[in-house]
Amino acid sequence: MTVKEAVRARTGSAYEVRGGDESRDEGEHTPPGTSAATATPATADTPATPATVAAGRAAQELGLRRSEFELAVHLGLIAVTAGPGSGRPRVHEREIARLREDPGFPDGLAERVRTVGTAEGAALLGIAPARFTRLARAGCVSPVTFYLNRYRAVVWLYLADELASFAVREPELLANRTPLGMRTMLEAGGDRRARNWRSQRIDRLLKRTVDPWARAAVEASALDSAHLAEVVEDPYERAYLARVRPEPVFGRPGSVAARETMGELMLADDPDEILWRRINLTLGLDLAREERPAPHPGDDPGARMTPAPEPTSRVAPPQAQPVAETAAPLSPPAGETPSGLREPGGKRLLARLGWRRRSDG
């Protein structure tokens, strides 16, 4: 869909904003099979447990490539449940039936997980690739995933529908002169692509996470070891955060180079972003410690900690929103940094963070 088509559809109240994501796949689409909603009725001797299928089978039933399916799960468009013994995720047949009953199936679901690179995204917006890159670096559009090219350089991918929504929402940025503040930031070498990707990824993980220690671990994943040690002084707490940190449903990229690159991209690198993550981690730790203490050597597991809540087996499809609304706050609003919050003992939050200006040596 081109930008003009999207505008016309929006004007006629028939346009429907859709999502989309992940990595590329050169394979062909597998035609959807018969409905997976048919199940053998439970007998009096057989408990009525919901039937599930493996992820590969679910992708076939939904007419998605495997990478598209995994992206849909990451975005919360497809609900999954843990397999037996915490094995590979599986999908309830009723979930497949729900998606197949959508009036736009199968093209609608595939379109919601369609991603584009710089060249294709620029063509979609009707602008030059160089201008598209400047808009992305300025944070106007946010990447949803990436892959490494043959030179191991990061190639960002964007949701096609979010780009169309951006064109409808900010047409002046596509045709008019770049605003002064944006030009100044770009000329100084600013690039918010990794930060926006990081923020959205953290936000999606938090939406699927209930346990307070796991939520604190998500925030901790954006800090390097030095900053983490300053905020979490107890080494056993740091080890516990590493152990309970949730990952995307299908884990990290398979190749060593991709895992190393993701590890680098996950770390906050701007001073204000680092401070914001430290604040969120500190507040999250307060909630986690109230829930239960982190285990230490020699502790009685039954006495010191209660089991973490079971992960929810269903993630409701999120309401589709424009790019600027789906991204998590990237930095605290000006003048509203909660630096004045105090502990019962009277210590300010920034003092608890162990924060000090790096420029002071």
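Predicted model: local features only at pLDDT ≥ 70, side-chain atom pairs only at ≥ 80, totals over all residues.
1. Let's start with one residue. You'll find Arg134 in helix H7, which covers residues 129-137.

2. What does Arg134 touch once its neighbours within four places in sequence are left aside? Its contacts are then Thr178, Arg183 and Leu186. Take Arg183: it sits 49 residues away from Arg134 along the chain, yet the two C-alpha atoms are separated by 9.0 Å.

3. Now for a pair of helices. Two packed helices are described by the angle between their axes and the distance between the axes. For H12 (residues 212-220) and H14 (residues 235-244), the axes come within 8 Å and cross at roughly 95°. Angles from 65 to 115 degrees count as roughly perpendicular, so H12 and H14 are roughly perpendicular to each other. On the H12 side, the contact is made by Trp213, Ala214, Ala216, Ala217 and Ala220, while H14 brings Glu237, Tyr240, Leu241 and Val244. Sorted by class, the H12 and H14 contact has eight nonpolar residues, one charged residue and no polar ones.

4. On to the sheet. Strands of a sheet pair through backbone hydrogen bonds, either parallel or antiparallel. Here we have an open sheet of three strands in the order E4-E6-E5, and the pairing is antiparallel. Which strands are at the edges? They are E4 (115-116) and E5 (145-148), each of which pairs on one side only.

5. Let's go through the pairings. E5 and E6 (residues 154-159) are antiparallel partners over four bridges. Within E6, Trp156 is the bridge partner of Phe146, and Leu157 is the bridge partner of Thr145. E4 and E6 also run antiparallel, joined by two bridges. There, Val116 has Tyr158 of E6 as its bridge partner.

6. Have a look at the turn as well. The hairpin of E5 and E6 has five residues between the strands, and Arg152 in this hairpin takes a positive phi near 60°.

7. Salt bridges next: the count comes to 20. One of them joins Arg114 and Glu111, whose closest N and O atoms are 3.0 Å apart. Are these two buried or exposed, or something in between? Arg114, at 24% relative accessibility, counts as partly exposed, whereas Glu111, at 17%, counts as buried.

8. Another salt bridge brings together the side chains of Arg195 and Glu273, at 4.0 Å from N to O. This pair links distant parts of the chain, with Arg195 in helix H11 (residues 193-207) and Glu273 in helix H16 (residues 271-291), 78 residues apart. Both Arg195 and Glu273 are buried. They also belong to a network of salt bridges that links them with Arg198, Asp269, Asp270 and Asp272.

9. Helix H11 turns up again in one more pair. Arg201 and Glu247 form a salt bridge, with 3.6 Å between the closest N and O atoms. Arg201 is in H11 and Glu247 is in the loop between H14 and helix H15 (256-265), so this pair ties together parts that are 46 residues apart in sequence. At 6% relative accessibility, Arg201 counts as buried, while Glu247, at 30%, counts as partly exposed.

Methods. Residues numbered from 1 in each chain as written. Heavy atoms only, no water. Axes fitted to C-alpha atoms, helices over the stretch in contact; angles between N-to-C directions. Parallel < 35°, antiparallel > 145°, perpendicular 65-115°, else oblique. Contact = heavy atoms within 4.5 Å. Nonpolar A, V, L, I, M, F, W, Y, C, P; charged D, E, K, R; others polar. Pairing = 2+ DSSP bridges. Buried < 20%, exposed > 50% of the residue type's maximum accessible area, 1.4 Å probe, protein only.
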